[in-house]
Amino acid sequence: MRPDKQQIARIKAALFVLALVPLARLFWLGFTDNLSANPVEFVERSTGTWALVCLLVTLSMTPIRLLTGMTWQIQLRRMTGLFMYFYACLHFATYIWLDHWFFWDEITADIIKHPYVLVGFTAFVLATPLAITSNRAMMLKLGANWKKLHMLVYPIAILAVLHFWWLVKKDIREPSLYALVLSVLLGIRIYYKRTQSRAHKPASKAQLNQQH
Amino acid sequence: MLIRRKPDVLPSEITSHEVYQDRRQFLKAAGFGLATSAAISTGLISLPVQAATDIKHGQKIAGFRKTAFGADEKLTPFDDVASYNNFYEFGTSKGDPAQHAGSLKPRPWTVSIEGAVKKSKTISIEDIFKLAPLEERIYRMRCVEGWSMVIPWVGFSLSRLINWAEPTGNAKYVEFVTLADPMQMPGVRVPILDWPYVEGLRMDEAMHPLTIMAVGLYGEVLPNQNGAPMRLVVPWKYGFKGGKSIVKIRFTDKMPQSTWMKAAPEEYGFYANVNPDVPHPRWSQKTERRIGSGLFSPRIKTQPFNGYADQVAQLYAGMDLRRNF
C-alpha cells in the first residue's frame, strides 16, 4: 500500500478529527454531568492517558517501517507527536488549574517531593522543545541536530510510563500494559539496529527525507 | 464517655448553596455552549440529557434516631457516595464496586466473634442489629488519596457490640476481617492484595463513641459497594481503616497487621490518623478534594484528625504521630 498525495491528505484529515474525539468526549461528558463523582481526576486521567496513547502511536511508525518496509505512515508522525503534546498540555493545565488552582507553592512542593509528579513534569518539559521544533523551518535550521534533539522522545516515553506506574497504588496491570507496548516498540528498534547490516534492509534515510 | 455535641465544622468551611449552584450553572453553561455547537453539527442535539448515574437505592431503614453530628455539613450526593468507591474486592477502579457488587449476598450474614472475649461465638447480622439502637451520624470521610465526602451513615456504636462480647483483660486490639469470597467478589480472584482485607484498631479507639459500625447510609440499607451489610467507620482516620462487609471480629493482645501495612509498610501505618502534617510518600495530605463539589472548585484544607481532634487527640497524647502514622 502506497497512498498518493491526495490520499495522504485525506488520511491526515481523518486522523486529525479522530485525535480530537477524546477531547470532544470530555466536553460531552461534562455537558451531560457524566464526568464521574470526581470530575477533576477524570479529566486529569483521561488527558494523561491520551497523551500517552498518542506518544506510543508516534513511536510505532518506525517499527512498522522496520517490520513491513512501509514508509508512508512516517508522514503522520508529526501530527500524532503534536497531539501527544496537545493532550499533555491539557493534562498539565488540568493539574495546575482545576486540581491546584495556581497555588504555586503547593504545586512546586508537589513536583519536587513526589517522584511520580517529578517524572511526569520532566517528560512534559522535555517534550516542549520537540513541539517547538516540529515545523519544517526548524527542521531545516537545526539540520543534523534536529534528529539528535528529537531522540529525546525515548526518555520522554520512559518517563511518561514511569509517571503512570508510580501513580497507581497497587494494581499495576494498566501501567504495565503501556510499559509492555513501549518495550516492544523500543525492542524492535534495538533488534533492527543490531542486525541492520544483515538481511532485512530498511528504507534508506535519503528515501525518508524525500517524503517529508 | 461524654459525646460532645458541638458542631465540628467551621461555618466558613461550608460551601453556601448559592455558590454551589452558581458553580454548577457556570459549568453547565460553559459545557453547553461548546457541546451544542458540536452536537448540532453531528445531529446529536435531539438526544435527551442523561442522568449522571443510575445507582440503585436500597430498602429504607425504619426507626433510627437522628443525631447532631455534622448537622450543618453539606452532604455528598447519594449517587456519588454509592458510585465512587475503593473496594478492591470488586475491582480497583472507583466505578468497579458499583458495577460489580451486585453479586454480593449480604443476607444471610453472620459475624464470628473470636479471640480474647467471653462470648466467643458466631452472631447473625439480625441479632447484631438488636444489640444497639440505630442512629444517623453525619461524618466526614477522608480518603488517603486526597479526596473526601460527607456521608450520613446509619449505624451503632461499636462499643455496644464490644461490651456485649465481653472482652477479657488480654484484649488490647481489635482486628476486623472482611469477606473474601471469589464467587461473590471478582476482585479477589486477582492477587492484588493479600486477601482477606484486614484492619485493626487499638481497644480505646474501638471503644471511642465516634467509632461506629455502619449498616446504612442516607436512611437506606448500605449499598453492597459501600460494604453491606456492615462496615467500620472511624471518621478521624483515613477511609481505608473502615473495613467493609465484615465477617470476623477478633480481640487480641498484639497489634494486628493490616492488609495495607503488609502491602506497603512505608506508605500505610497502623494508626492512619488523618494528618495534614504527615505527607504520604506519593502525595501531600495538606488538602483534599470534596467529592460532589464539581469540576471548578478548589481543594479544601485537611484538618488534623479530620476535624475531630477535640474528641480524639487525647487518645494519642505523648505519641510521636510522625512515626506512628
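**Figure 1. The loop of chain B that holds B:Pro108.** In this predicted model, B:Pro108 lies in the loop that runs between helix H3 (96–100) and strand E2 (110–115) of chain B. The peptide bond joining B:Arg107 to B:Pro108 is cis, and its omega is about -10°. Most residues other than glycine have a negative phi, and most peptide bonds are trans.

**Figure 2. The loop of chain B that holds B:Pro229.** A cis peptide bond also leads from B:Ala228 to B:Pro229, with omega near -5°. B:Pro229 belongs to the loop between strand E9 (220–221) and strand E10 (231–233) of chain B.

**Figure 3. B:Ser245, a residue with a positive phi.** B:Ser245 is situated in the loop between E10 and strand E11 (246–252) of chain B. Its phi is near 45°, a positive value in a residue that is not glycine. Is B:Ser245 buried or exposed? B:Ser245 is buried, because 26 other C-beta atoms lie within 10 Å.

Figure 4. H3(A) consists of 23 residues and reaches 31 Å from its first C-alpha to its last, close to the 33 Å expected at 1.5 Å a residue. Among the buried residues of H3(A) are A:Phe83, A:Met84, A:Tyr87, A:Leu90, A:His91, A:Thr94 and A:Tyr95. An α-helix has 3.6 residues a turn, so residues three or four places apart point the same way. The elements covering the buried residues of H3(A) include helix H1 (5–31), helix H2 (39–68) and helix H5 (115–132) of chain A. After H3(A) comes A:Trp101, located in the loop between helix H3 (77–99) and helix H4 (104–113) of chain A. A:Trp101 is not a glycine, yet has a positive phi of about 45°. A:Trp101 counts as partly exposed because it has 14 C-beta neighbours inside 10 Å.

**Figure 5. The packing of helices H5 and H8 of chain A.** Two packed helices are described by the angle between their axes and the distance between the axes. For H5(A) and H8(A), the angle is about 155° and the axes are 8 Å apart. The two helices are therefore roughly antiparallel to each other, and their crossing is left-handed. Residues of H5(A) including A:Val119, A:Ala123, A:Leu126 and A:Leu130 meet residues of H8(A) including A:Ile156, A:Leu159, A:His163 and A:Trp166. The residues of this contact divide into 15 nonpolar, three polar and no charged.

**Figure 6. The packing of helices H8 and H9 of chain A.** Helix H8 (residues 153–167) and helix H9 (residues 173–194) of chain A pack with their axes 9 Å apart, at an angle of about 165°. H8(A) and H9(A) are therefore roughly antiparallel, and H8(A) passes H9(A) in a left-handed crossing. From H8(A), A:Ala157, A:Val161, A:Phe164 and A:Trp165 meet A:Pro175, A:Tyr178, A:Ala179 and A:Leu182 of H9(A). This contact comprises eight nonpolar residues, with no polar and no charged ones.

**Figure 7. The contact between chain A and chain B.** Here, 27 residues of chain B are in contact with 22 residues of chain A. Which helix gives the most to the side of chain B that touches chain A? Helix H1 (residues 17–42) of chain B does, with five residues. The side of chain B that touches chain A is made up of 16 nonpolar, eight polar and three charged residues.

Terms used: Residues are numbered from 1 along each chain as its sequence is written. Chains are lettered from A and ligands numbered from 1 in the order in which they are written. This is a predicted model: local features need pLDDT of at least 70, side-chain atom pairs count only at pLDDT 80 or more; totals for chains, interfaces and linings use all residues. Two residues are in contact if their C-beta atoms, placed from the backbone, lie within 7 Å. Helices (H or I, at least four residues) and strands (E, at least two) are DSSP runs, numbered from the N terminus. Ala, Val, Leu, Ile, Met, Phe, Trp, Tyr, Cys and Pro count as nonpolar, Asp, Glu, Lys and Arg as charged, and the others, Gly among them, as polar. A residue is buried if 20 or more other C-beta atoms lie within 10 Å of its own, exposed if 12 or fewer, and partly exposed in between; C-beta atoms are placed from the backbone. The expected span of a helix is 1.5 Å times one less than its number of residues. Axes are lines fitted to C-alpha atoms, for helices over the stretch in contact, and angles run from 0 to 180 degrees between N-to-C directions. Angles under 35 degrees count as roughly parallel, over 145 as roughly antiparallel, 65 to 115 as roughly perpendicular and the rest as oblique. A crossing is left-handed if the near helix is turned anticlockwise from the far one by less than a right angle, and right-handed if clockwise.
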